[in-house]
Amino acid sequence: MILAGLDGSDSSWRAAAYAAGLARRQNATLALVYVQPYLPGGAALGVPVSEAETGVAEQLLAQIRESVERVRDTFHVRWEFHTFRGDPYNGLAMAADQLTADAVVVGASERAGHRFVGSVAVRLVKTGRWPVTVVP
């Protein structure tokens, strides 16, 4: 199983496309994973956090289905969509463990501060439990 982290950013869509090609070539299942962040501060302000995050997951799933339909006649990939809760690193690590991923593919962080603090991709690579590909 090839796992790709997906959050709706351009780099995560590129990572998903790369992972789809890898899964197709290896005849593996593609697991697309969205990690729903915990937003306790939003809940305190009266924001319906679970509804907002479920909406994001539903939008991602609709976009995935649309993309799969577009390439259906070109090639076929077995895929699954999963959501996990937590921070992106722990959510992806938990997903990779639970789904017994053979490889993890993520997009490079688009945030400038991650160059200093460390991105999810860097943390996954340092964990060393799965081969990790970081797609720019």
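Two strands are said to pair if DSSP finds at least two bridges between them. On that basis, five strands form an open sheet in the order β3-β2-β1-β4-β5, with parallel pairing. The model is predicted, and its protein chain has a mean pLDDT of 81.

**Confidence**
- In the protein chain, 79% of the residues reach a pLDDT of 70 or more.

- The open sheet of five strands, β3-β2-β1-β4-β5, is joined by parallel pairing. Its edge strands are β3 (79-85) and β5, each of which pairs on one side only. From one strand to the next, the twist averages 25°.
- Seven bridges link β2 and β3 in the parallel sense. Within this pairing, L32 has F81 of β3 as its bridge partner.
- Helix α6 (residues 120-127) packs on the sheet and touches β4 and β5, and its direction makes about 160° with that of β5.
- β1 and β4 run parallel and are joined by three bridges; L3 stands opposite V104 in β4.
- Four bridges pair β4 with strand β5 (residues 132-135) in the parallel sense, and G107 stands opposite V135 in β5.

**Strand β4**
- β4 is mostly covered, since five of its five residues are buried.
- A103, V105 and G107 point one way from β4, whereas V104 and V106 point the other way; all are buried.

**The nonpolar cores**
- The largest nonpolar core has 20 residues, of which I2, A19, L30, L32 and V105 touch the most other members. Two or more residues of this core come from each of β1 (2-5), α1 (10-26), β2 (30-36), α3 (49-70) and β4 (103-107). The largest share, six residues, is given by α1.
- A second, separate core holds 19 residues, including V33, A95, A121 and W130.
- Apart from its neighbours within four places in sequence, L32 is in contact with A4, A16, I64, W79, E80, F81 and H82.

**Helix α1**
- α1 has 17 residues and reaches 24 Å from its first C-alpha to its last, close to the 24 Å expected at 1.5 Å a residue.
- The buried residues of α1 are S11, S12, A15, A16, A19, A20, G21, L22 and A23. Among the elements that cover these buried residues are β1, β2, β4 and β5.
- Just after α1, N27 takes a positive phi of about 55°.

**The loop residue T29**
- T29 lies in the loop between α1 and β2.
- Is T29 buried or exposed? T29 counts as buried because its relative accessibility is 17%, and buried means under 20%.
- T29 and I2 are 27 residues apart in sequence, yet their C-alpha atoms are 6.2 Å apart in space.
- With its neighbours within four places in sequence left aside, T29 is in contact with M1, I2, A23, R78, W79 and E80.

Note on methods
Residues are numbered from 1 along each chain as its sequence is written. This is a predicted model: local features need pLDDT of at least 70, side-chain atom pairs count only at pLDDT 80 or more; totals for chains, interfaces and linings use all residues. Side-chain values use heavy atoms; hydrogens and water are left out. A nonpolar core is a set of buried Ala, Val, Leu, Ile, Met, Phe, Trp, Tyr and Cys residues joined through side-chain atoms within 4.5 Å. Buried means under 20% relative accessible area, exposed over 50%, partly exposed in between (1.4 Å probe, protein chains only). Contact means heavy atoms within 4.5 Å. Axes are lines fitted to C-alpha atoms, for helices over the stretch in contact, and angles run from 0 to 180 degrees between N-to-C directions. pLDDT is the predictor's confidence in each residue, from 0 to 100. The expected span of a helix is 1.5 Å times one less than its number of residues.
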